Amino acid sequence: LREYDGKKFVSITKEGLSLGEDDSKATEELKNEYAPLKAWFEKILKGKIERATVSPRLRDTRSPLVLSTPEYGPSANMERIMKAQALADNRFGPIMARKILEINPMHPLAQSLLPQIQEADPEGDEAKALQELGHLLYDAAAIESGFQLDDSHKFTARLFSVLAHSHVMPPVEDAPVHEAAEPQEAAAAEPQTDEPAAAPEDDIKDEL
């Protein structure tokens, strides 16, 4: 079933989905403004995505990025089925790798990333931290879009690294080692007095 009542069904996981009227002038301005971010993602994710694009259709969503597929390419669900085949091998690799990264220009993360990647020193630590964040965002988009992660260990390592960086925490190997506290000195002895000690109760009874 491809259409109903004269209306054609369209997969929301495919690129080019239109959700109604759009201001072409405003869309073009957004695409020009976020062109550096688009190029940055294409560079750091080379080999993982076919291309990146600025997608105003995501403006009403909570996702900074999503992964879509070409109109006539396999979907995320088809990719999972192909990977699960008993005789699956690398023959399907080139087909499954065709992913399109859509950037939401209205999301705070995208708006924050744009000036940071433009101002960061390409050889500095900040640029490396931003690349880790970019890969983490890609992995999160892959999960949300129904794709399987290529390497879950790298995903968790990046997650912990970004969390530590955002909280200004030292790496595990550089974390200070806190020595065990020395035991407190024994409580001071009770002060002695010159008053004679009270006679035992048994001695008092004998005298009586």
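Guide: Start with a definition: contact means heavy atoms within 4.5 Å. Keep in mind that this is a predicted model.

Visitor: Which residues does Ile-49 touch by that rule, not counting residues up to four places away in sequence?

Guide: Ile-49 touches Phe-41, Glu-42, Leu-67, Lys-99, Leu-101 and Tyr-138. Ile-49 itself sits in the loop between H2 and strand S3 (51-54). Lys-99 is 50 residues from Ile-49 in sequence, yet their C-alpha atoms are 4.8 Å apart in space.

Visitor: Why does Ile-49 count as buried?

Guide: Its relative accessibility is 10%. Buried means under 20%. So Ile-49 counts as buried.

Visitor: How many residues of the protein chain count as buried, as a percentage?

Guide: The figure is 28% of the 208 residues. The protein chain has eight helices and five strands. From the N terminus, their order is β-β-α-α-β-β-α-α-β-α-α-α-α.

Visitor: What makes Glu-42 and Lys-38 a salt bridge?

Guide: Their side chains meet at 3.3 Å, N to O. The cut-off is within 4 Å, from a Lys or Arg nitrogen to an Asp or Glu carboxyl oxygen. The pair therefore qualifies as a salt bridge. Both residues lie in helix H2 (residues 35-44), four residues apart, about one turn of the helix.

Visitor: Why is Glu-42 called partly exposed?

Guide: Glu-42 has a relative accessible area of 27%.

Visitor: What makes Asp-139 and Arg-158 a salt bridge?

Guide: Their closest N and O atoms are 3.5 Å apart. That is within 4 Å, so the pair counts as a salt bridge. Asp-139 lies in helix H6 (residues 125-144) and Arg-158 in helix H7 (residues 152-166), so the pair ties together parts 19 residues apart in sequence.

Visitor: Are Asp-139 and Arg-158 buried or exposed?

Guide: Asp-139 is at 7% relative accessibility and counts as buried. Arg-158 is at 12% and also counts as buried. Salt bridges that share partners join Glu-132, Asp-139 and Arg-158 into one network. The whole structure holds four salt bridges.

Visitor: Which residues meet where H5 packs on H6?

Guide: From H5 come Leu-109, Leu-113, Gln-116 and Ile-117. From H6 come Glu-126, Leu-130, Leu-133 and Leu-137. By class, this contact has six nonpolar, one polar and one charged residues.

Visitor: What percentage of contacts in the protein chain between residues at least 6 apart in sequence join residues at least 24 apart?

Guide: The share is 74%.

Conventions. Residues numbered from 1 in each chain as written. Predicted model: local features only at pLDDT ≥ 70, side-chain atom pairs only at ≥ 80, totals over all residues. Heavy atoms only, no water. Helix = DSSP H or I, 4+ residues; strand = E, 2+ residues; numbered from the N terminus. Buried < 20%, exposed > 50% of the residue type's maximum accessible area, 1.4 Å probe, protein only. Nonpolar A, V, L, I, M, F, W, Y, C, P; charged D, E, K, R; others polar.
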